[in-house]
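Hi,

Here is the structure I promised to pass on. Please have a look at it, and then read my notes below.

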Protein chains: 4
Amino acid sequence: MIVPFDKLKEECGVVAVHAHPEASKMAYLGLHALQHRGQESAGIASADGVKIRTHKQMGLVVEIFTEEVLAKLSGTQAIGHTRYSTAGDSALLNAQPIMVDCNKGAMALAHNGNLVNAGELRHKLESEGSIFQTSSDTEVIVHLIALSKEKTLEDAIADALRRIEGAFSLVIMTLDRIFAVRDPRGFRPLSMGVIKASETVRKDSVVFASETTAFDLIGAEYQRDVKPGELIVVEPEGIRSRFYAPAQKMSACVFEQVYFSRPDSVVFGRSVATSREMMGRQLARETGVEADIVVAVPDSGVPAAIGYAAESGIPFRQALIRSHYIGRTFIEPAQRLRDFGVKLKLNTVKSMLEGRRVVLIDDSIVRGTTSKKIVRMIRQAGATEVHMRISCPPTVASCYYGVDTPRRKELIAANKTIEEIRDFIGADTLSYLSLGGMKTACGENGDVNYCDACFTRNYPTQLFDVAEIQPMSATSSD
Amino acid sequence: MIVPFDKLKEECGVVAVHAHPEASKMAYLGLHALQHRGQESAGIASADGVKIRTHKQMGLVVEIFTEEVLAKLSGTQAIGHTRYSTAGDSALLNAQPIMVDCNKGAMALAHNGNLVNAGELRHKLESEGSIFQTSSDTEVIVHLIALSKEKTLEDAIADALRRIEGAFSLVIMTLDRIFAVRDPRGFRPLSMGVIKASETVRKDSVVFASETTAFDLIGAEYQRDVKPGELIVVEPEGIRSRFYAPAQKMSACVFEQVYFSRPDSVVFGRSVATSREMMGRQLARETGVEADIVVAVPDSGVPAAIGYAAESGIPFRQALIRSHYIGRTFIEPAQRLRDFGVKLKLNTVKSMLEGRRVVLIDDSIVRGTTSKKIVRMIRQAGATEVHMRISCPPTVASCYYGVDTPRRKELIAANKTIEEIRDFIGADTLSYLSLGGMKTACGENGDVNYCDACFTRNYPTQLFDVAEIQPMSATSSD
Amino acid sequence: MIVPFDKLKEECGVVAVHAHPEASKMAYLGLHALQHRGQESAGIASADGVKIRTHKQMGLVVEIFTEEVLAKLSGTQAIGHTRYSTAGDSALLNAQPIMVDCNKGAMALAHNGNLVNAGELRHKLESEGSIFQTSSDTEVIVHLIALSKEKTLEDAIADALRRIEGAFSLVIMTLDRIFAVRDPRGFRPLSMGVIKASETVRKDSVVFASETTAFDLIGAEYQRDVKPGELIVVEPEGIRSRFYAPAQKMSACVFEQVYFSRPDSVVFGRSVATSREMMGRQLARETGVEADIVVAVPDSGVPAAIGYAAESGIPFRQALIRSHYIGRTFIEPAQRLRDFGVKLKLNTVKSMLEGRRVVLIDDSIVRGTTSKKIVRMIRQAGATEVHMRISCPPTVASCYYGVDTPRRKELIAANKTIEEIRDFIGADTLSYLSLGGMKTACGENGDVNYCDACFTRNYPTQLFDVAEIQPMSATSSD
Amino acid sequence: MIVPFDKLKEECGVVAVHAHPEASKMAYLGLHALQHRGQESAGIASADGVKIRTHKQMGLVVEIFTEEVLAKLSGTQAIGHTRYSTAGDSALLNAQPIMVDCNKGAMALAHNGNLVNAGELRHKLESEGSIFQTSSDTEVIVHLIALSKEKTLEDAIADALRRIEGAFSLVIMTLDRIFAVRDPRGFRPLSMGVIKASETVRKDSVVFASETTAFDLIGAEYQRDVKPGELIVVEPEGIRSRFYAPAQKMSACVFEQVYFSRPDSVVFGRSVATSREMMGRQLARETGVEADIVVAVPDSGVPAAIGYAAESGIPFRQALIRSHYIGRTFIEPAQRLRDFGVKLKLNTVKSMLEGRRVVLIDDSIVRGTTSKKIVRMIRQAGATEVHMRISCPPTVASCYYGVDTPRRKELIAANKTIEEIRDFIGADTLSYLSLGGMKTACGENGDVNYCDACFTRNYPTQLFDVAEIQPMSATSSD
């Protein structure tokens with residue numbers, strides 16, 4: 001039995017390290033800090049000025065990168081990638097970084113996001129004789145770079161980036177340079193930091209990561225975000241920046257604030273923990289209810305629940321306990337145990353729930369199946385009322401920008417009214433945070449504008465070939 | 001680099017299942033729920049009326065027990081054990097259950113606790129010709145049973161139990177019976193539950209576990225605790241109980257309430273979550289301080305922190321975030337990163353800490369090294385004051401009843417005053433919960449009396465050969 | 001699909017090293033050279049004067065003993081064991097060396113052979129309160145030593161050895177001594193050698209091994225065999241020898257010459273290669289037939305086939321080729337391939353067999369199933385006649401002295417006449433070597449007398465409890 | 001310690017199966033039979049008409065392909081590849097089959113051989129925008145196919161093949177077709193066979209393999225060799241053949257007869273066992289010497305030794321015994337053991353060598369280091385004379401057609417006279433087979449002509465960019 005939880009899944013995290021004597025170890029630690037962005041496979045490519053080496057494997061960062069593996073990844077530059085991918089296409093072949101030789105030299109790429117015109121481009125490139133070895137849309141980018149008429153690699157990258165559409169936070173490494181890129185709408189985060197020179201490291205080292213929590217672990221200082229439409233070049237001579245395309249109206253993924261990013265990260269210039277507390281507070285203001293205790297679905301519901309409790313004055317209690325020894329699969333008895341899958345991860349504290357009216361806070365409901373089981377467990381522990389509160393609006397549409405959303409027919413909010421959902425999960429009341437409330441809580445303003453397509457179906461890009469998000473290739477690999 | 005945290009370690013959890021068609025799977029799930037009581041090795045023995053089979057391995061329960069392994073553990077009875085052991089003696093050989101053939105038949109044992117006269121008994125048994133294959137004190141018990149002059153196994157067990165001294169919650173399985181035992185002082189918990197008959201399972205199934213959280217996962221109802229000095233026999237004909245020795249003044253391990261047990265368990269008849277909230281509340285009453293936020297050292301400090309916040313009115317904030325992707329070892333860069341070991345597990349949320357006066361709640365300080373790093377991280381995140389509050393008294397003495405305590409010279413509170421500890425960890429103030437406050441919070445009363453030896457050096461048993469807690473054998477094994 | 005071949009199986013090999021700076025590495029190499037004597041599990045115990053350490057695991061010697069594992073097995077003494085065991089009882093628990101603490105101190109034992117009164121002794125020991133943790137008869141020996149009234153360990157060992165009956169070549173290690181023992185009939189081989197002092201190793205190092213091929217690999221010189229009934233003690237002060245029991249009429253296992261031992265070993269004072277060549281020559285003299293080529297069933301039939309060819313003048317040809325990439329299990333297509341199991345290991349050379357009359361030499365026929373397939377393959381390759389010749393007499397009885405023989409009803413020669421066997425395997429003619437011919441070829445004389453029970457049912461010991469060779473315990477372990 | 005033997009290494013084996021219900025299992029068995037052609041990595045690609053799936057891994061065939069892995073490789077077509085590669089470039093990334101999507105559809109390729117113009121072509125392709133993800137020259141072929149102006153895949157393959165130069169036996173699989181190709185000089189073998197229809201398999205199944213031994217295991221009948229310059233197409237409608245280029249003077253690799261192929265294979269229309277026996281006989285005629293016994297260096301020297309013995313009348317003896325439990329690495333004692341690396345694999349039979357004059361037969365001498373140790377071991381075993389005889393001429397030049405030869409400066413015969421080599425290895429006499437003698441023994445005639453470049457430096461192709469055989473890429477991967 002595989003133990004899935006009813007959550008949307010981020011598809012990737014990326015990291016890059018320039019000019020550091022232990023570049024691949026720093027990339028390894030950075031990836032570890034980004035592990036929550038993808039637990040399926042991970043990879044690191046390192047460069048020593050002469051050669052690029054890579055190691056990619058299915059599994060967790062701590063399992064994949066042993067001393068022996070890291071020792072082979074020599075050199076003072078490294079990029080890394082951690083990945084989650086959709087079930088049918090779960091393949092080492094598609095793991096990143098992708099490493100290639102082409103007329104612009106050797107390079108490695110790591111990509112967080114999803115292109116919406118990858119299928120169209122791939123078709124065109126194949127018709128002109130390009131060969132694809134993976135079903136990853138990232139391979140399209142490499143072909144565009146190789147085929148660009150531009151003379152320099154930097155211009156060729158800029159040229160290629162102008163041809164792709166969708167979400168991409170990219171790091172590209174050559175033998176001695178690192179390029180960091182964000183798409184013109186800035187869907188996915190990408191931050192720049194610096195490891196300051198010290199007694200043992202003679203000069204500053206520039207680093208990039210999907211989230212700032214990676215900087216905290218490796219002792220880097222956050223400098224600024226890569227801007228939408230920006231191409232930063234870190235080379236031996238220094239750092240340069242250019243805009244390969246005009247920035248468009250920003251479409252930062254609000255789900256990074258809601259669920260994906262770690263609360264200790266600063267994403268799109270805003271503390272995730274603050275956003276979540278504010279979502280909880282706003283939820284209390286919008287959907288207040290008389291109750292005895294506020295309980296979070298751990299771990300992701302905790303910050304909003306604390307906010308809700310603070311705003312409402314109803315005490316926060318840790319009445320759902322999460323197990324942290326969960327493996328990837330679990331053996332289930334033939335004789336079915338009720339709510340088994342959820343109970344492996346969560347248990348109730350009866351002494352806290354008995355006879356209590358409970359406000360139950362979660363960050364989202366995707367299919368509703370897990371919520372139904374949790375509500376039932378809480379009632380069985382003796383709660384007299386369960387008021388479910390969700391710290392974002394109903395998820396009604398798929399994401400084409402790098403999030404693994406189930407098909408529409410599986411999204412409960414795309415198919416049922418809120419009352420029907422309430423009935424399905426068995427809560428006494430159910431309320432969601434409003435769209436406006438969420439955006440305010442996440443600090444939307446002149447500088448930061450959020451993509452809300454999964455709540456509104458207002459996609460900020462044209463959707464060229466979104467059916468292409470399904471595996472587009474006749475090949476697969478383990 | 002191994003990633004230790006500065007905690008005392010429980011040495012074991014046990015589980016037993018009688019008369020269930022999927023006995024070994026139930027034992028497996030029960031052990032999974034008790035995983036926090038020992039992550040080093042685990043084992044299950046099953047009996048089918050004709051043969052006892054066992055599988056023991058180093059590692060976590062979910063890693064060890066595959067479908068294939070469980071399929072071999074056939075039969076309708078099973079007992080299981082999960083174990084942590086001291087570093088120098090970390091051995092598969094000492095993993096449990098222990099399985100033996102003797103004149104009383106085949107049997108398997110699983111033991112939570114530690115004997116204080118094991119060395120003396122072992123010496124005597126060896127001098128009379130007994131052979132020891134492990135350095136575990138549990139093997140002593142088996143020899144006493146085999147050598148007992150009593151005619152029946154039950155009487156022989158009772159006879160053997162009267163000869164041993166110390167802490168023991170034991171489950172013993174023969175081809176068709178299960179025995180469950182607690183020592184006369186009741187140091188370690190052991191509860192009895194029942195899986196009710198259903199359409200697929202024709203009759204009730206009696207189960208035992210160190211903590212009730214195991215019952216929640218396998219769908220068993222908690223019945224009662226095994227009593228100090230009690231020997232319960234579950235056999236095809238039914239359940240019988242006898243007292244092999246008069247109960248003595250109860251000496252339940254208070255650290256089960258403070259740290260070892262899961263908050264969702266009921267231990268010694270009391271909800272652990274309630275005890276911890278009450279410890280936090282009492283701590284606020286005893287050691288109140290003016291501050292802006294209450295922050296827990298996760299995960300174990302959270303319940304007390306919530307209690308402290310509730311009592312003091314200072315808001316609880318999740319300003320330390322814990323990573324749950326920690327493996328057993330970690331690769332450290334040559335270039336040292338400050339507080340690296342702690343940062344792998346914990347990170348601060350700067351937006352919450354900046355400019356704030358912080359009450360930091362933890363359940364204990366053992367060596368003080370981790371606390372020092374956490375206090376430093378919180379200050380670096382911008383906190384203006386850090387007031388450390390510990391939800392139990394200073395730990396000044398070693399435990400000889402089944403807890404892995406470091407040597408006295410490593411216990412910071414055995415060697416420094418509170419002011420010196422405060423200075424060492426770098427906090428602005430430091431306070432511990434009083435002994436009386438802790439006991440009240442943990443519900444000490446006429447029925448439940450706690451052992452407080454680690455705080456007071458008042459050991460409830462004579463210490464025959466505590467030096468013997470060190471490996472007493474000239475043999476070791478991997 | 002598991003790939004069994006129709007052979008009897010030796011159950012063990014043992015090795016011991018005294019006073020060598022790299023004792024466990026020498027034991028590891030010695031075990032590697034004895035790998036053919038048991039491929040199921042292997043173990044090494046080392047002693048450094050203070051502690052005995054052991055590592056045992058399922059698998060091949062090269063897989064089990066890594067640098068890391070060997071580094072832990074510190075000390076200047078080591079003993080090792082490699083084991084094959086019967087299918088139903090294949091258990092890590094029964095792997096050796098066995099390590100125990102008893103009133104005579106800590107010791108480790110490794111045993112090659114099988115006791116015929118183990119069941120009786122075990123029953124008696126259990127009735128007196130001894131505990132058995134394995135189903136191995138070796139554990140009986142340890143209990144006898146511990147319970148002996150003799151004052152010194154050496155006398156206790158001698159006392160214990162006098163009580164056991166059957167086949168045993170034993171090495172026993174204490175913190176600073178090694179004991180080497182052979183049973184009074186000398187069923188199994190055990191040789192003593194010496195690694196001479198060198199620039200890097202200051203003094204001579206005494207070693208023991210089941211076969212001399214182990215000495216060749218570790219650079220030891222063969223000194224002499226341990227004699228039947230002899231107990232050799234190697235201690236810091238030097239080597240002593242005593243006879244704990246009078247030698248009886250020697251009953252050396254003739255199958256060591258026929259099949260078990262490596263041809264490059266000298267066993268019972270005789271070159272195995274010479275014995276096999278002589279068996280082949282004698283076979284040609286006794287059972288000559290007109291033919292074009294002599295072909296061996298590789299690898300074990302090769303030496304006899306070369307002898308047969310030399311004696312008969314019929315040319316030897318390598319017309320059966322053996323694959324050496326065989327794993328433990330094999331995936332078989334659903335659509336059955338004819339003779340698949342044999343073809344994975346053997347293939348014919350058609351150009352050599354086509355139109356030829358073939359003398360096919362093998363060392364034994366156990367069930368006959370493999371022989372049948374090989375004869376068929378040879379015919380399909382175009383051979384016009386197949387004359388099967390076996391370099392020992394028909395195997396008609398089980399062995400109780402350390403060889404894994406199938407039950408009598410599976411032994412083809414116990415159930416069919418030679419003509420019926422010939423018909424079953426499909427050969428044109430079939431002949432076996434005579435008993436006298438075999439013994440002469442193996443050099444039987446005044447000093448060396450062979451056990452021929454598997455050919456004659458004349459068992460040299462009384463068979464107290466041979467049914468006990470089946471698993472005698474109600475416990476098993478993985 | 002890695003255990004290398006002083007041998008040239010074949011770089012690959014390929015297999016293909018068309019229209020079989022268990023195609024991937026048949027490919028797996030075929031690869032197992034070709035395991036000797038490459039033990040580093042193996043892979044299988046299967047096609048089910050809709051999708052191509054592949055699994056590639058480092059390791060042996062039996063280790064890589066479990067039931068679970070094979071179950072995923074569904075479909076009625078499969079191709080497989082087993083690979084050895086040079087040390088510095090040992091990479092999963094370069095494992096085959098290579099699978100790609102291009103404008104001609106999805107396809108997978110497996111290649112045995114080496115191109116001599118791969119570097120030149122790669123440089124040109126990169127300059128036109130092609131991207132290379134591996135350092136394998138096989139990737140060049142795929143790009144040429146994708147970029148071909150021809151309309152059909154078949155014509156594009158033919159077009160691509162005309163552009164490459166060197167050695168290539170190729171199998172290419174699309175969703176429903178298999179293409180099998182040999183280069184115009186026929187360097188490497190490739191045979192076609194058929195698995196006949198049966199009750200369970202309704203129609204004949206066409207198969208290809210590097211050696212016929214693969215057919216024997218899977219129950220296929222050998223039909224004929226793919227001819228030099230031929231392109232065979234197996235499609236649902238049947239089999240077609242065309243010659244994409246005129247056959248040139250055949251340059252079959254004579255080392256396939258000398259050492260690479262298994263003796264039970266028929267290669268280039270000739271039984272390898274026959275070739276080797278004839279080489280041994282010819283060696284006896286050309287280099288006869290007075291001696292007592294003929295001894296082979298096992299296993300590869302055995303067939304020639306038997307031939308030598310037959311021709312000379314000097315008896316063949318198995319006086320060197322080979323161990324078959326060798327793992328990939330070995331732990332060596334700090335205290336060096338003489339000839340340790342060789343002794344792990346070989347041991348002498350003293351009783352056969354003592355006082356004897358020995359003719360020692362091996363198939364080749366590459367560096368001479370192993371020969372030196374073997375000669376020394378034979379002398380230490382008591383041989384009075386050692387006459388080394390090699391069943392091919394001195395190896396004086398590197399191969400650029402798919403064999404891993406050491407650099408010239410490491411090839412002893414490229415740097416020393418025969419007398420100097422004799423002196424180095426310590427033999428009494430040393431003789432090699434003559435070039436003419438070898439070719440006659442291997443059946444050279446009007447139809448079969450052998451490449452002898454490694455003996456003569458007469459390379460049959462122009463060597464465009466042989467330096468390019470060294471890793472040509474700035475990328476590498478594990």
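A polar contact, as I use the term here, is a pair of N or O atoms within 3.5 Å; within protein, one must be able to donate a hydrogen and the other to accept it, and residues adjacent in sequence count only if both atoms are side-chain atoms. Between chain A and chain D there are 8 residue pairs in polar contact (both at pLDDT 80 or more).

Some ground rules before the rest. This is a predicted model, in which local features need pLDDT of at least 70 and side-chain atom pairs count only at pLDDT 80 or more, while totals for chains, interfaces and linings use all residues. Residues are numbered from 1 along each chain as its sequence is written, chains are lettered from A and ligands numbered from 1 in the order in which they are written, and side-chain values use heavy atoms, with hydrogens and water left out.

**Chains A and D**

The contact (heavy atoms within 4.5 Å) takes 36 residues from chain A and 35 residues from chain D. The buried area, meaning the accessible area (1.4 Å probe) that two parts lose on being put together, summed over both, is about 3000 Å² here, and carbon and sulfur atoms give 51% of it. The rule finds 2 salt bridges across this interface, a salt bridge being a side-chain nitrogen of Lys or Arg within 4 Å of a carboxyl oxygen of Asp or Glu. Arg122(D) forms a salt bridge with Asp101(A), with the closest N and O atoms 2.8 Å apart.

How do the two copies relate? Superposed by least squares on the C-alpha atoms of residues with pLDDT of at least 70 in both, chain A can be laid on chain D with an RMSD of 0.0 Å by a turn of 180° and a shift of 0.0 Å along the axis. The two copies are thus related as by a two-fold rotation axis. Of the residues of chain A, Ser130(A) comes closest to that axis, at 3.3 Å (C-alpha). The copies meet through the same surface, because 97% of the interface residues of chain A are also interface residues in chain D.

**Chains B and A**

Here 61 residues from chain B and 61 residues from chain A take part in the contact. Together the chains bury about 4900 Å², 61% of it on carbon and sulfur atoms. Tyr325(B), Ile331(B) and Gln335(B) supply 16% of the area that chain B buries against chain A, more than any other three residues. The rule finds 4 salt bridges across this interface; Lys350(A) and Asp216(B) meet in a salt bridge through their side chains (3.2 Å, N to O).

Enjoy exploring!
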